[in-house]
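Hi,

Here is the structure I said I'd pass on. Have a look, and my notes follow below.

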Amino acid sequence: AIVLKQLGDSSMGLEGRAGDAGAFIFINVPYSTTSPLSLSGAVIPRTCVVQSVTLCPDVASTNAVTAQAFVAPSPTLLAAGTAVSAVMATNGVAGTNVVGALSAPGALLVAAGSRVGIVISGALGAAGSGVATIGLNPA
C-alpha cells in the first residue's frame, strides 16, 4: 500500500514499505569526469523540496573528481546556485551507490522554474562516468 504523508519540511511524500521520506519525482543526470561540467537535470515546474541525492559510478574515475548537486533559479548558472548536497567522490567502486549528505533544510527548497543538476569538478581528465539521481517531493 502507498500512503500520502506530510513531512516535517511541509512537503508531501509517498510512503511505501520502506518508510522513507517518500520522494517520488526523480531526476537522473548522466555525467562524465573528463571535463568540468555543470549538468542541468531538469527545470522544475512547481515548488519542490530535495529529499535525496545519490551518485552511482558506472566507470569509477581514477582521478580525484567530485560531483555536487545544485539548484539555481533562471538565469543563474548552475554552479553559481545553491549547493543542496555535500561533495561526492566519483572515484569509488563502480556500481556502488554514494549517498550525498543533504544541505541545511532551508537550502533544499526548489522554487518553481529553477533548475536542478550536478557540477563536476576536481582533477579532471581521467575517464569516468555514471549517473546522479536527485529525489524531490512537491512542496
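This is a predicted model: local features need pLDDT of at least 70, side-chain atom pairs count only at pLDDT 80 or more; totals for chains, interfaces and linings use all residues.

The largest nonpolar core has 24 residues, and Val 50, Ile 118, Ile 134 and Leu 136 have the most contacts inside it. By nonpolar core I mean a set of buried Ala, Val, Leu, Ile, Met, Phe, Trp, Tyr and Cys residues joined through side-chain atoms within 4.5 Å; buried is under 20% relative accessible area, exposed is over 50%, and partly exposed is in between (1.4 Å probe, protein chains only). Two or more core residues come from each of β3, β5 (48-59), β6 (65-72), β11 (115-122) and β12 (129-138), with β5 giving the largest share, five residues. In soluble globular proteins, nonpolar side chains tend to be buried together.

Numbering starts from 1 along each chain as its sequence is written, and side-chain values use heavy atoms, with hydrogens and water left out.

Now the overall fold. The chain has zero helices and twelve strands (DSSP runs numbered from the N terminus: H or I of at least four residues for helices, E of at least two for strands). The radius of gyration is 15 Å, close to the 14 Å from the globule rule for 139 residues, so the chain is as compact as a globular protein of that length. That radius is taken over C-alpha atoms, and the rule is 2.2 Å times the number of residues to the power 0.38. Along the principal axes, the C-alpha atoms fill a box of roughly 45 × 35 × 20 Å. Of the 139 residues, 37% count as buried. Contacts here mean heavy atoms within 4.5 Å; among those with a separation of 6 or more, 75% are between residues 24 or more positions apart.

- Val 29 is in strand β3 and is buried, with a relative accessible area of 2%. Val 29 and Ile 118 are 89 residues apart in sequence, yet their C-alpha atoms are 7.3 Å apart. Beyond four places in sequence, Ile 118 also contacts Tyr 31, Leu 37 and Leu 78, among others.
- Val 49 sits in β5 and is buried at 5% relative accessible area. Leaving aside neighbours within four places, its contacts include Asp 9, Leu 108 and Leu 136.
- Thr 33 is in the loop between β3 and β4 (37-43), and is buried with a relative accessible area of 0%. Not counting residues up to four places away, Thr 33 touches Ser 61, Thr 90 and Ile 120, among others.
- Ser 74 and Pro 75 are joined by a cis peptide bond, with omega about 0 degrees. Pro 75 lies in the loop between β6 and β7 (82-83).

Last, the surface. The chain exposes about 6600 Å², and carbon and sulfur atoms supply 61% of it (Shrake-Rupley method, 1.4 Å probe; for residues, only the protein chains shown count as cover). Leu 4, Met 12, Phe 24 and Phe 26 form a nonpolar surface patch with about 370 Å² of accessible area together. Patch residues have over 30% relative accessible area and no salt bridge, with nonpolar side chains (Val, Leu, Ile, Met, Phe, Trp, Tyr) joined within 5 Å and like charges within 9 Å; a salt bridge is a side-chain nitrogen of Lys or Arg within 4 Å of a carboxyl oxygen of Asp or Glu. Phe 26 belongs to strand β3 and counts as partly exposed, at 48% relative accessibility.

Cheers
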